[in-house]
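Please read them with the structure open beside you.

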Amino acid sequence: MRIGRLDLDGLGSPAALAAKIHELEPGLPPRVPVEQLCMQFDIQSIGALETDGFEAALIMDELKASGAILVAKGRSDARRRYSIAHELGHFLIPAHRPSGGASFECALSDLHLLDPKDRDRRKRVEAEANRFAAHLLMPPGEVRARMRQSDSSLESIVAMARAFGVSKEAMARSWVDSHREPVAIVLAHRGRIVRRYRHQDFPWLPDWDGRLPKDSLAAELKPAPGIFSQVEEIDPTVWLSERDAERVLSLNEQVLGQGDGYALVLLQAERDEDEF
């Protein structure tokens, strides 16, 4: 691996930086060696720290000549890899300068921020680091190529997460972004909706008081960890407002049970093109 920071000179956007790395290192395996890349870019050490204060941190000098990454101890390999890629994003994106010090300290909630246009600068910066991490670990072109070779299901998302070495949720998020059809992923915990990822063409998902809709497959089945439900067609009004439900021809739902009461829900809509 010969790539260095000078090869990225002049680039500022998270997606462009990640794309350039893959362009210059076309032999990178699907499971990107993120720690090796860090060393190429002057990250001198990656360590673990027993802390409840943050999920990951980047410590560097004022001129970003070198840096060190710390990740909270005891995290899964997939989460650790994503956290390291997130901090590498802070280090490589020229505009990222920590306010009031020489370190970024990122909470778990920061690793879920996605809006690059947020009016809050700190949230916007964290969203940009997440975009870099996603594009580095799950290149959109490679994700789309794998999608063309598999069916549209939670089984495919889990298989791709394993191949890229990322969490199921991170993979589901990139899968939704790269999909050409109106799909959505819902992460639920003990019947309550935690996060939603919606394709731009998927109808708006009402809040439902923060709970899974009572007639949804996810609320009825509550599958055990590791168990996939069948893909089933359901009444669109279960998940959508009446107005939006009238604008789709069908809605399919699939559920994957996860540990500690979590569940991943896949929704796929067939739009009525005459209504759009």
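1. The structure holds 15 salt bridges, a salt bridge being a side-chain nitrogen of Lys or Arg within 4 Å of a carboxyl oxygen of Asp or Glu. One of them joins the side chains of Asp-42 and Arg-5, at 3.2 Å from N to O. Asp-42 sits in the loop between α2 (34-40) and β1 (43-49) and Arg-5 in the segment before α1 (14-24), so this pair ties together parts that are 37 residues apart in sequence. Helices (H or I, at least four residues) and strands (E, at least two) are DSSP runs, numbered from the N terminus.

2. A word on the basis of these notes: this is a predicted model, in which local features need pLDDT of at least 70 and side-chain atom pairs count only at pLDDT 80 or more, while totals for chains, interfaces and linings use all residues. Residues are numbered from 1 along each chain as its sequence is written, and side-chain values use heavy atoms, with hydrogens and water left out.

3. Have a look at the sheet with the order β1-β3-β2-β4: its 4 strands form an open sheet with mixed pairing, where two strands pair if DSSP finds at least two bridges between them. β1 and β4 (103-106) stand at the edges with a single partner strand each, so one side of each is left without a neighbour in the sheet. From one strand to the next, the twist averages 15 degrees. β1 runs parallel to β3 (residues 67-72), and the two pair over 6 bridges; Gly-47 stands opposite Leu-70 in β3.

4. The other sheet to look at is also open, with 5 strands in the order β6-β5-β9-β8-β7 and antiparallel pairing. Its edge strands, β6 (192-198) and β7 (232-234), each pair on one side only. Here the twist averages 30 degrees from one strand to the next. Within this sheet, β8 (residues 248-257) and β9 (residues 262-271) pair in the antiparallel sense over 9 bridges, and Val-248 has Arg-271 in β9 as its bridge partner.

5. Which strands does helix α6 lie across? Helix α6 (residues 154-164) lies across β5 (183-189), β8 and β9, and runs at about 50 degrees to β8. Axes are lines fitted to C-alpha atoms, for helices over the stretch in contact, and angles run from 0 to 180 degrees between N-to-C directions. Helix α7 (residues 168-178) also packs on the sheet, touching β5, β6, β8 and β9, and its direction makes about 160 degrees with that of β5. Contact means heavy atoms within 4.5 Å.

6. Now for the domains: the assignment gives domain 1 (5-137) and domain 2 (143-271), with bounds that come from an automatic or database domain assignment. Their centres, taken over C-alpha atoms, are separated by 28 Å. In the contact between them, 10 residues of domain 1 meet 12 residues of domain 2.

7. How much area do domain 1 and domain 2 bury between them? The figure is about 870 Å², 55% of it on carbon and sulfur atoms; buried area is the accessible area (1.4 Å probe) that two parts lose on being put together, summed over both. The count of salt bridges between the two domains is 0. On the side of domain 1 that touches domain 2, α3 (77-92) and α4 (121-137) are the elements that give two or more residues, and α3 gives the most, with 3 residues.
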